[in-house]
Amino acid sequence: MKTTRREFLAAASALGFGAAAGPAFAQQRTLTYIGWSHDEAASKPVLTEMFNAFSTANPSVRLETIGFPWAQMQQNLILRMRAGQPLDVAQLAERWLPTFAALNNLADLNELFGRAALEEKIDAGLLRIGQSGGKQLGLPWTAASIGMVANRKVLGDAGVNQIPTTVDQFVGALRAIKRSNPEAVPYALATKNNLSMSPDFQVWLWTFGGRLLDNDGAVKVNGEAGVRALSFLVDLMKENLAARDIDRPDARRLFGQHRTGFYADAPLARGFARDNSGQGRAFDQYVAAAPYPVVAAGNNPQSVAWGHLLVMPIIGGRRPTRDGDAARFVQHLAFNDDMQMKYFEAVGLFPVTKTALARVRDDAYVTQWARYASFAEADEPSKWANAADLTTIVGEEVQAALLQQKPPQQAIADMARRLEQRMRDVRRG
Amino acid sequence: MLPLSARAPQVGGLKRAEARFGIALVALPLAAFTAVILYPFVDALRLSLYRYTLMTPQPVFDGLRNFERLAEDGEIGPIWVNTVVFVVATTAATFVLGLAWAIILNQPFRGRTIIRSASLLPWVLPSTVTAFIWAWILNAQYGVLNAALLVAGLIDEPIAWLATPEGAMSGVVLAKTWLSVPLFSAFFLAGLQALPLEQVEAARIDGATNGQVIRHVVLPHLRTTMVVTLVLGAMGNLQQFDVIYAMTGGGPVRATTVLSLEVRRQAFENWNIGLASAVGVIWFLTIAGPAYIYLRSLFRQG
Amino acid sequence: MLDLASRRAQFVFGSIATAIGFFLFFPLFWMISTSFKPEAEVFRRIPSPLPIAPTIQNYVGALTRSELPIYLQNSLVTAGLGALLTTVLAVCAAYSFAKFAYRGRTALMLLMISAQMFPFAVLLITLYPLMDAAGLLNTRIGLIISYIVFALPSGTYMLYSYFINIPTEVIEAARADGASELRILTVIVLPLSIPGLVTVGLYAFMWAWNDLLYSLTLITDPSLRTVGPGLLLSYLGESRNDWGGAMASSLIASLPVVVAFALVQRFFIQGLTAGAVKS
């Protein structure tokens, strides 16, 4: 009924009744933004501030912000876009881009802003995470990796004074944590939500030298590396070094309560820890960026490339323009150094502009993180249009092994078989 | 239950105008029924023969390929079993508890009226609330069930109930049973109130015990009510989506994924409409047999 | 009915009654108790049965921080109008089936009543593009219309069994007096069927009120969300661990219907069970 009311108002103002409702009201254009970050307690205050700054600078625009929980975001965004609901700017995880690109209604930012203008602001390498099919469909808003985060206090209490770098040291540290605090979950590995289990597993898979798929989409997971990686995680579960029923929000909560030593997250881990601990910045001293452990000393630590994109959908034939409200809003969030720095200061999300990046080089957490992130690889299913389906399969088979419903060998074999079926469909067109 | 054909009006005795009014009356509901229920149903069955995903803007005829895919994936078998387990366990538990509770509420005791009214509470709560309450009771770290078992010394470590396949299935069965016992017992209670007391007294004079009264007098009297309740209850449980989705989302590893969740997941998360419809066809075939028998008995009665 | 003179009978009866009573009422008690606990008391491995330092903070939070009042309003509007629409349609269909004769009547009735068995989730597959084409996706009207799916078939059957029991002589007499067909329906038939109407209305309302499947899929605008998805999406994300808030919100979300139900339950039970018990 809301839509009808809006349509009615539009019709009314077109007929000249709008003036009765006051000139300011009649002239205000609505800009609809959908995202998940402003729905999360940790980022809510700073994003509200950033949104307000935009509204103040653009009094003729009424900014309507809509939030969904991260896990529900992708699904709801597709539902909304299919329904043709008003939508001007949306926040996407970089790995959702191929799915949305397949819907074929995202504006190409190269056409909108010009390639050169984009590269002048943002490093060409960073821009890549927003590209699909040769088009710049998403603008990076923040970019880094999902890497390992360590809790210095938990490690210290367990007598672990060095952040482990090899798999053996890592397991040693986990055991030490379990000994010093039996109620702790030494490694809060994701064990509940497919969307988190899939990337967590992939990093270990790469660490042990495996891949899910090759570049042509042939399934490669069914090998020794896959079995070794999954067996390793299953053994952690059996030894109570990881626990059931853990998703990212649970891990973050445990971390803020000094009840876990390690978990995987994006750099905003520090923002969540500030918020969940209730201690604010005082908690920063315990949050350390750690490398994913490697099999042999000297190997490169693995991690998953990660970022948030801003996209501008074309809904009902309404194309965004270069100096339209949507374009200005996107630039306000991603090009404006003040806003980028504000976001970074508040929650620890890395800026993307060259100039803002230069300003954060002194932060140890950032430099550490950036160093490990330099080896980050893209989430494998993301490359394919049926990413949601592939992610579910990887997540489910990993979970089946972690819950000891089937041996790792069988889980990997089943995963390979199911992935092959789905990839056959993709290649069939 | 009333036979559908009972006391059917005589065609010959009616004037044309009356029949016209009757037809006019049924026109609107029929139009709504066709548009919102019948057409979507038939169309969904049709789409099971098409390839229709996010990437295919228009459905493409694909023969039985969706069913082949279901067979290859091998996911549908366990989902079907989950559905049967859920429906049978929930319906049976609700039936037994509902009947027992009705017999209890039929005894005179102080505060009975209040208890009778309050008993309906679980049924009127929104299903998301039901899911929240049970998820909280069964919570791995702070749940009251674990607390009680720990205090009683029955377990040493808290159990992550909803993280194990058996625990999650028991959890959703428990929650749905809790939700439906009030309705079942209301049905049974109404049936019990219509039980002629002379029958009970006659049995008592013959020396019947409580158990014999229940077995030989009460249960035979409730026969019709029991059949109706069982059928309606089983059909409701077969449709169940809300509590399961809100409590477990179908996990862990699809352990609580029933047909309704699978249809929605395929249709609105994977956007594979054709495959979702194929699951729907299997669902309909499952329900069609028992439903046919039930409907036939409705029409044959009297 | 039962003879509870002996000690043993009393014991058995008492234990079963206590056990089922505990199963039915403890969860409600636990929801209320948790909703008044401060966070520190909620997150305890061994919680205390009653709040030690009761607080209404969870309620304040639920009412001010979330959109709960809006969700409630949306639910009451959509479930209420959905139930009204269902009842009106069911009355028309059931009265026509019960008291008029025309060709195809039995087949039509059979078709409508067997639709109880159509899986709701399957209907949604086509309802979704249908609502989309009609421009009713993400509107309250679209949701209200979709809600007839839940109870139109069974509601028609329930009312049919009511109407068929109204003696045809009463209707014939009114006809002889020159009353119009519409007048007969509104002045004679409906007043005689009030428990049936209330039953079907409430039954349809309960289905719509409980709905998560349809509103989660057909509604994407937060300001139009109903209670089910509203609560779910509020407590599924980062605030998933706010159990005190979830319980307080749950309680608030339940109150309107509990009150409404208390007022009409007498009719309801009477009507719901009429068809099943008479035979």
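1. Packing of α3(B) on α1(C). The axes of helix α3 (residues 76–106) of chain B and helix α1 (residues 7–35) of chain C come within 10 Å of each other and cross at roughly 120 degrees. This is a predicted model, and the points below should be read as such. An angle from 65 to 115 degrees would count as roughly perpendicular and one over 145 as roughly antiparallel; α3(B) and α1(C) are therefore oblique to each other. The crossing in which α3(B) passes α1(C) is left-handed.

2. Residues at that crossing. On the α3(B) side the contact uses Leu97(B), Ala100(B), Trp101(B) and Ile104(B). These meet Phe13(C), Ile16(C), Ala17(C), Ile20(C), Gly21(C), Phe23(C), Leu24(C) and Phe25(C) of α1(C). By class, the contact of α3(B) with α1(C) holds eleven nonpolar residues, one polar residue and no charged ones.

3. The interface of chains C and B. One salt bridge is found across the interface of chain C and chain B. Arg175(C) forms a salt bridge with Glu18(B), with the closest N and O atoms 3.2 Å apart.

4. The interface of chains B and A. Here 27 residues of chain B are in contact with 30 residues of chain A. The area buried between chain B and chain A is about 2500 Å², with 42% of it from carbon and sulfur atoms. Leu54(B), Val253(B) and Trp271(B) account for 22% of the area that chain B buries against chain A, more than any other three residues. The rule finds five salt bridges across the interface of chain B and chain A.

5. Salt bridges at Arg418(A). Which residue of chain B forms a salt bridge with Arg418(A)? The partner is Glu75(B), with the closest N and O atoms 3.0 Å apart. Arg418(A) also forms a salt bridge with Glu397(A), where the closest N and O atoms are 2.7 Å apart. That pair links distant parts of the chain: Arg418(A) lies in helix α20 (residues 408–428) of chain A and Glu397(A) in helix α19 (residues 387–402) of chain A, 21 residues apart. Over all chains, a search of the whole structure finds 37 salt bridges.

6. Packing of α6(B) on α8(B). Within chain B, the axes of helix α6 (residues 127–137) and helix α8 (residues 165–193) come within 10 Å and cross at roughly 130 degrees. The two helices, α6(B) and α8(B), are therefore oblique to each other. α6(B) passes α8(B) in a right-handed crossing. Thr130(B), Ile133(B) and Trp134(B) of α6(B) make the contact with Leu174(B), Ala175(B), Trp178(B) and Leu179(B) of α8(B). Six of the residues in the contact of α6(B) with α8(B) are nonpolar, one is polar and none is charged.

7. Packing of α8(B) on α11(B). Are α8(B) and α11(B) roughly parallel or roughly antiparallel to each other? The axes of α8(B) and helix α11 (residues 223–239) of chain B come within 11 Å and cross at roughly 155 degrees. Angles over 145 degrees count as roughly antiparallel, so α8(B) and α11(B) are roughly antiparallel to each other. The crossing of α8(B) and α11(B) is right-handed. Lys176(B), Phe184(B), Phe187(B) and Phe188(B) of α8(B) meet Thr225(B), Met226(B), Thr229(B), Gly233(B) and Asn237(B) of α11(B). The contact of α8(B) with α11(B) has four nonpolar, four polar and one charged residues.

8. Backbone points to check. Most residues other than glycine have a negative phi, and most peptide bonds are trans. The peptide bond from Gly251(B) to Pro252(B) is cis, with omega near -10 degrees. Pro252(B) sits in the loop between α12 (242–247) and α13 (259–268) of chain B. Asn240(A), a residue other than glycine, has a positive phi, near 60 degrees. Asn240(A) is placed in the loop between α12 (224–238) and α13 (248–256) of chain A.

Terms used. Residues numbered from 1 in each chain as written. Chains lettered and ligands numbered in written order. Predicted model: local features only at pLDDT ≥ 70, side-chain atom pairs only at ≥ 80, totals over all residues. Heavy atoms only, no water. Axes fitted to C-alpha atoms, helices over the stretch in contact; angles between N-to-C directions. Helix = DSSP H or I, 4+ residues; strand = E, 2+ residues; numbered from the N terminus. Parallel < 35°, antiparallel > 145°, perpendicular 65-115°, else oblique. Left-handed = near helix turned anticlockwise from the far one by under 90°. Contact = heavy atoms within 4.5 Å. Nonpolar A, V, L, I, M, F, W, Y, C, P; charged D, E, K, R; others polar. Buried area = accessible area lost by both parts, 1.4 Å probe. Salt bridge = Lys/Arg side-chain N within 4 Å of Asp/Glu carboxyl O.
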